[in-house]
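Good morning, everyone, and thank you for coming. Please take a moment with the sequence and the model on the screen, and then I will walk you through what can be said about them.

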Amino acid sequence: MKLPPHFYCRSDVLTISRELLGKLLCTRHAGHECKVLITETEAYAGIGDRASHAYGGRRTARTEVMYGEGGLAYVYLCYGIHHLFNVVTNVAGIPHAVLIRAALPYSGLATLQKRRGRDEAGPNLMPGPGTVAQALGITTVMSGVSLHGAEVWIEDAGVDVPSAQILAGPRIGVDYAGEDARLPYRYVWSSAFAEAVRPCRADTA
């Protein structure tokens, strides 16, 4: 079942970021449907967060989607190479977002592997945000797309991730953010636990 609109429109981006662990990020692209189990996220708290693209109320053509209502995809290009997928949260006008940093294959394994050019079926297939987007066929063309549609969406997999299995720590690659770089806004669900619940089906070639 797709996550309902109210899931994304809540005010606490940290809670949403934690609760996205164990959910399924899904795409239907070029005739292939794939699903991955989210195992790592990073929260970005808008205009007051120096690590956020919207810090200080910054608005550009690229970041304008962050100011939309929660439940939109925000995809940007990092270093001119990697497409990074983010979930816009909160109500319109408050630019909160959650970066999906890592995932495990859940269904459509053959397609995920082909897009990555790798044979792995575990955590080494999508160990970073760029590899997650690559495996799912996500590009900046999808920025602004609703997560309630048929192109990219997030499902509840019925997985309850206990707090004891979640590690919190500083975000990666945001040293420019000063003190905010040390905030414990990155959440990791131990791969050992995640591996135990995923079916890892190769049902989509």
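Predicted model: local features only at pLDDT ≥ 70, side-chain atom pairs only at ≥ 80, totals over all residues.

Let me begin with the surface: the accessible surface of the chain comes to about 8900 Å², and 55% of it belongs to carbon and sulfur atoms, where accessible areas come from the Shrake-Rupley method with a 1.4 Å probe and, for residues, only the protein chains shown count as cover. Residues are numbered from 1 along each chain as its sequence is written, and side-chain values use heavy atoms, with hydrogens and water left out.

Now to the overall fold. The chain contains five helices and eight strands, where helices (H or I, at least four residues) and strands (E, at least two) are DSSP runs numbered from the N terminus. Followed along the sequence, their pattern is α-α-β-β-β-β-β-α-α-β-β-β-α. The radius of gyration is 16 Å, close to the 17 Å that the globule rule gives for 205 residues, so the chain is as compact as a globular protein of that length; the radius is taken over C-alpha atoms, and the rule is 2.2 Å times the number of residues to the power 0.38.

How much of the chain is buried? Buried residues make up 52% of the 205 residues, with buried meaning under 20% relative accessible area, exposed over 50%, and partly exposed in between (1.4 Å probe, protein chains only). Of the contacts with a separation of 6 or more, 61% come from residues 24 or more positions apart, a contact being heavy atoms within 4.5 Å.

After helix 4 comes G137, with a positive phi near 75 degrees.

In helix 3, which covers residues 109-116, we find Q113. This residue counts as buried because its relative accessibility is 18%, and, leaving aside residues up to four places away in sequence, Q113 touches R118, D119, E120, A121 and L125.

Two residues other than glycine also have a positive phi. A30, with a phi of about 55 degrees, sits in the loop between strand 1 and strand 2 and is exposed, with a relative accessible area of 65%. N90, with a phi near 75 degrees, belongs to the loop between strand 4 and strand 5, yet N90 is buried, at a relative accessible area of 4%.

Finally, the structure holds two aromatic pairs. Rings of Phe, Tyr and Trp (its six-membered ring) pair if their centres lie within 6.5 Å, and planes under 30 degrees apart count as stacked, over 60 as edge-to-face and the rest as tilted. The rings of F7 and Y8 have centres 5.4 Å apart and planes at 80 degrees, so this pair is edge-to-face, and both residues are buried. The rings of Y74 and Y76 also have centres 5.4 Å apart, but their planes are at 35 degrees, so this pair is tilted; Y74 and Y76 are buried as well.
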